[in-house]
Amino acid sequence: MKSSLSRGLTTSALLLSLLPLGGSTNPAPAEKPLTLNLSAWQGPKPDPAVIAQFGLYNNATLQRLIDTKGQQMNKVSDRPGDYGFTIVDSPVINAFATPDGHVYFTRGIMAHFNNEAQFAGVLGHELGHITARHGQKQQSRSTIANIGLLLGSVVSPNLVGRFAQPLSQVVGLGLLKYGRDAENEADVLGVKYSTKIGYDAANMADFFQTLQRTEAQSGAGGVPTFLSTHPNSADRYTRVKGLAAQAKQQTGSAKLAVNRDGYLRSIEGLPYGEDPRQGFVEGGVFYHPDLKFRFPVPSGWKTQNSPSQFQMGEPSGKALMALVPAPGSSLDAAAEALVKQLSLQNAQASRTTINGFPAVAIQADQVTQEQSARTLSYLIQDGQSIYAFIGLSSPSTFASYAPVFTQVAQGFSRLTDANKLNRQSEKIRIKTVKTATTLGAALTANGIPSSRREELAILNGMQLTTKMPAGTLYKVVGK
């Protein structure tokens, strides 16, 4: 949850964030959840829903790289168009193309590329999904597939048997999961486009090995990566290597670029992993250093943070709770807007104070033709900001979960712990080998603990035993 989104969030933005919590799976046009509007061509502009989900990653150098290379590929592609390219602020290793003509790379995948040719190969692959119209061909079957960053992995499908689908809409954005034929075609196009703009596409195959090692290390479940939305095949590495060799042969004597050192220098200082400045969970508590608040997380509940909201889900999917910014300059205005926007019925509101913060508690029902839910919300005012804790369960289990919702909201307090307030993200640091050594020895010399050396070997696209001549650049992570 970003500090920039905690103030001045519009009423319509709150609608986008909250209506699907208990709303119809077919909301009215003015009350659509966070979905991609496939009838509108976003093109060069990133979709506001995607940015609400992730946030922009503001790095002029890397944004210039993806813009420049993307447009170069666009010109040589099979279907040139008004396409856009954006880097988003997510640690997840992913890249995706939406059917509206936009390619997104996460900062997480940027951290794991080890040369510009790898970057170009994956960029060509994503552009290939657009030019081959894979998304438009598939949209009728799975338009709202879950990126999986939020409650798609937090809440079980049996959330009262009725809430899972609308809840997946509030936290997932339109990613299509392609079949093997589409992936194969995108690989062919990725090799074709990256070779056409002068890169050695064999490096794309090497990056798929990095992805496989990352998935194997992280294990199944949790937050999906590139391979979760782009299914891999056993022969993919060999096949892409072969395609790259053919493409290289067709270029004749032209020298194809890799540009390892230039790319590594461009990602110096790139945040690695979760950014604690946007909030983090530790020891059963959610801390937000920038906004200077904290509150408890129910024991055993799964959580997910995004730029626009923080969400918690009971493990068996029987209850949910979300923290979002609320509109309005006063608690009364915010309460009125919340009741109206969520179409709450039988609302009972009462004023209270929570650890010195003025607050309003609202218990209400949300009833539609398809389903019903009971909610307990707390609006808490912190200076010019108003936050809404919204708890949701079925009417039959509400009595069991209402005390949990209350405990979380009443635990909202000022964050004063300097250790939490000063928490910083790790960053990519580029080092240079002074004398010939192995990657493992270099990592050890840089103070990387043994428990993280394999992780860093994957990040570098090497083995710990890989020999590095003097002058070789490599990555470490640090504050």
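1. Gly 283 sits in the loop that connects strand 5 (280–282) to strand 6 (285–288) of this predicted model. Its relative accessibility is 79%, and because exposed means over 50%, Gly 283 counts as exposed. The C-alpha atoms of Gly 283 and Val 297 are 8.9 Å apart in space, while the two residues are 14 residues apart in sequence.

2. Which residues of helix 12 are buried? They are Arg 236, Val 240, Ala 244 and Ala 247. These residues cover an arc of only 65 degrees around the axis and therefore lie on the same side of helix 12. The cover over the buried residues of helix 12 includes helix 5 (116–131), helix 9 (180–196), helix 10 (202–218) and helix 11 (226–229).

3. On the face of helix 12 turned away from the buried side are the exposed residues Thr 238 and Gln 249. After helix 12 comes Gly 252, with a positive phi near 75 degrees.

4. As to the protein as a whole, it contains 18 helices and 19 strands, and 56% of its 479 residues count as buried. Of the contacts between residues at least 6 apart in sequence, 70% join residues at least 24 apart.

Notes: Residues are numbered from 1 along each chain as its sequence is written. This is a predicted model: local features need pLDDT of at least 70, side-chain atom pairs count only at pLDDT 80 or more; totals for chains, interfaces and linings use all residues. Side-chain values use heavy atoms; hydrogens and water are left out. Helices (H or I, at least four residues) and strands (E, at least two) are DSSP runs, numbered from the N terminus. Buried means under 20% relative accessible area, exposed over 50%, partly exposed in between (1.4 Å probe, protein chains only). Contact means heavy atoms within 4.5 Å. The arc is that of the directions from the helix axis to the C-beta atoms.
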